[in-house]
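User: Hello! I am new to this structure and would like a friendly walk through it. Could you take my questions one by one?

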Amino acid sequence: MKQLLWLAVLYLLGLAMIFFPHRLWQVEHFFSVKGGEPSELYLAMMRLGGIVFLVIALGMTAFLLGQKWFS
């Protein structure tokens, strides 16, 4: 059950990083920056990180399903 929770977190965070990097920047810098904007590099790296998270989550899903099928 704990593994499914981590998978859900990875999927949701990965999707948020890909589709809403600007919103995540605002949440991250809520108290430290007033009226600032993220750089293009930050947005690109956030999207890349989201893709990595999704790949890891897919790999974990395949591993867990394979473990369940073959046990």
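Predicted model: local features only at pLDDT ≥ 70, side-chain atom pairs only at ≥ 80, totals over all residues.

Analyst: Residues are numbered from 1 along each chain as its sequence is written, and side-chain values use heavy atoms, without hydrogens and water.

User: What pattern does the chain follow along the sequence?

Analyst: Helices (H or I, at least four residues) and strands (E, at least two) are DSSP runs, numbered from the N terminus. The chain has three helices and zero strands. Read along the sequence, the pattern is α-α-α.

User: Are α1 and α3 roughly parallel or roughly antiparallel to each other?

Analyst: Helix α1 (residues 2–19) and helix α3 (residues 40–69) have axes 7 Å apart and pack at about 155°. Axes are lines fitted to C-alpha atoms, for helices over the stretch in contact, and angles run from 0 to 180 degrees between N-to-C directions. Angles under 35 degrees count as roughly parallel, over 145 as roughly antiparallel, 65 to 115 as roughly perpendicular and the rest as oblique. The pair is therefore roughly antiparallel.

User: How many nonpolar residues are in the contact of α1 with α3?

Analyst: Ala, Val, Leu, Ile, Met, Phe, Trp, Tyr, Cys and Pro count as nonpolar, Asp, Glu, Lys and Arg as charged, and the others, Gly among them, as polar. In the contact of α1 with α3, five residues are polar, one is charged, and the nonpolar ones number 16.

User: What are the spans of the C-alpha trace along its principal axes?

Analyst: These spans describe the C-alpha trace of the chain. Along the principal axes they are about 55 × 20 × 15 Å.
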